[in-house]
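This report sets out how the metal sites and the overall fold can be read from the model shown here.

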Amino acid sequence: MGVRSPGQNRPGGERKSGEELDKVVARARQTLDERMKGYREQSLRTHPWVCARCGREFTVKNLHLLTVHHKDHNHENNPSDGSNWENLCLYCHDNEHRRFLDYEEGAGAGESGERRKPATHKPFAKLADLLKPEKREPHESS
Ligand SMILES: [Zn+2]
Ligand SMILES: [Zn+2]
């Protein structure tokens, strides 16, 4: 440690490792692309080119705006009957994922994600506790 290889400061050295990284990234991306393409094409074959949320219809011209959503949000779950796929337009797809995030933060307690937000006050209470270690809530100790 402490000793840097002389090549590190030369553009040549950087380029080499950069190329290697590019290769790895390109390969990973290609694999992902192929997998994505795989289920997207399958879903587009199985389901009508209509957004399952807003009902917008798609043609070959704007088909790139139609995406495939995993109903259970598990991208590894790709049953060949297409039961886990849903064709969603970009906007509805985005919405769907935002909803799911809210849902997860709400600890799965129904759709009242808004109501559960007060729970985020807890960390602050703890922080106050840490700042004043001597002062304890009288009713908290038992
Ligand atoms: Zn839509
Ligand atoms: Zn999705």
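## The four-cysteine zinc site

The site of the zinc ion (ligand 1) is tetrahedral, with angles of 102 to 117 degrees among its four donor atoms, and it should be kept in mind that this geometry belongs to a predicted model. The four donors are the SG atoms of Cys51, Cys54, Cys89 and Cys92, which coordinate the zinc ion (ligand 1) at 2.2 to 2.3 Å. Along the sequence, the donor residues of this ion are spaced C-x2-C-x34-C-x2-C.

Cys51 lies in the loop between helix H1 (11-46) and strand E1 (66-70), whereas Cys92 belongs to helix H2 (residues 90-105), so this pair ties together parts that are 41 residues apart in sequence. Both ends of the pair fall under the 20% relative accessible area that defines a buried residue: Cys51 is buried, with a relative accessible area of 2%, and Cys92 is buried as well, with a value of 14%.

## The histidine zinc site

Which residues are the protein donors of the zinc ion (ligand 2)? They are His69, through ND1, together with His93 and His97, each through NE2, and these atoms lie 2.0 to 2.1 Å from the zinc ion (ligand 2). In sequence, the donors of the zinc ion (ligand 2) follow the spacing H-x23-H-x3-H.

Why are His93 and His97 separated by about one helical turn? The two histidines are four residues apart in helix H2, and the separation of about one turn follows from that.

## Fold and surface

The protein that carries these sites has three helices and two strands, and, when it is read along the sequence, these elements follow the pattern α-β-β-α-α. Among the contacts in the protein with a separation of 6 or more, 44% are accounted for by residues 24 or more positions apart.

Of the 142 residues in the protein, 17% are buried. The protein exposes about 12,100 Å², of which carbon and sulfur atoms supply 54%.

Methods
Residues are numbered from 1 along each chain as its sequence is written. Chains are lettered from A and ligands numbered from 1 in the order in which they are written. This is a predicted model: local features need pLDDT of at least 70, side-chain atom pairs count only at pLDDT 80 or more; totals for chains, interfaces and linings use all residues. Side-chain values use heavy atoms; hydrogens and water are left out. Donors are N, O and S atoms within 2.8 Å of the metal (3.2 Å for Na, K and Ca); water is not among the atoms, so sites may look incomplete. Four donors count as tetrahedral if all angles lie between 85 and 135 degrees; four count as square planar and six as octahedral if opposite donors are over 155 degrees apart and all others between 65 and 115; anything else is irregular. Buried means under 20% relative accessible area, exposed over 50%, partly exposed in between (1.4 Å probe, protein chains only). Contact means heavy atoms within 4.5 Å. Accessible areas come from the Shrake-Rupley method with a 1.4 Å probe; for residues, only the protein chains shown count as cover.
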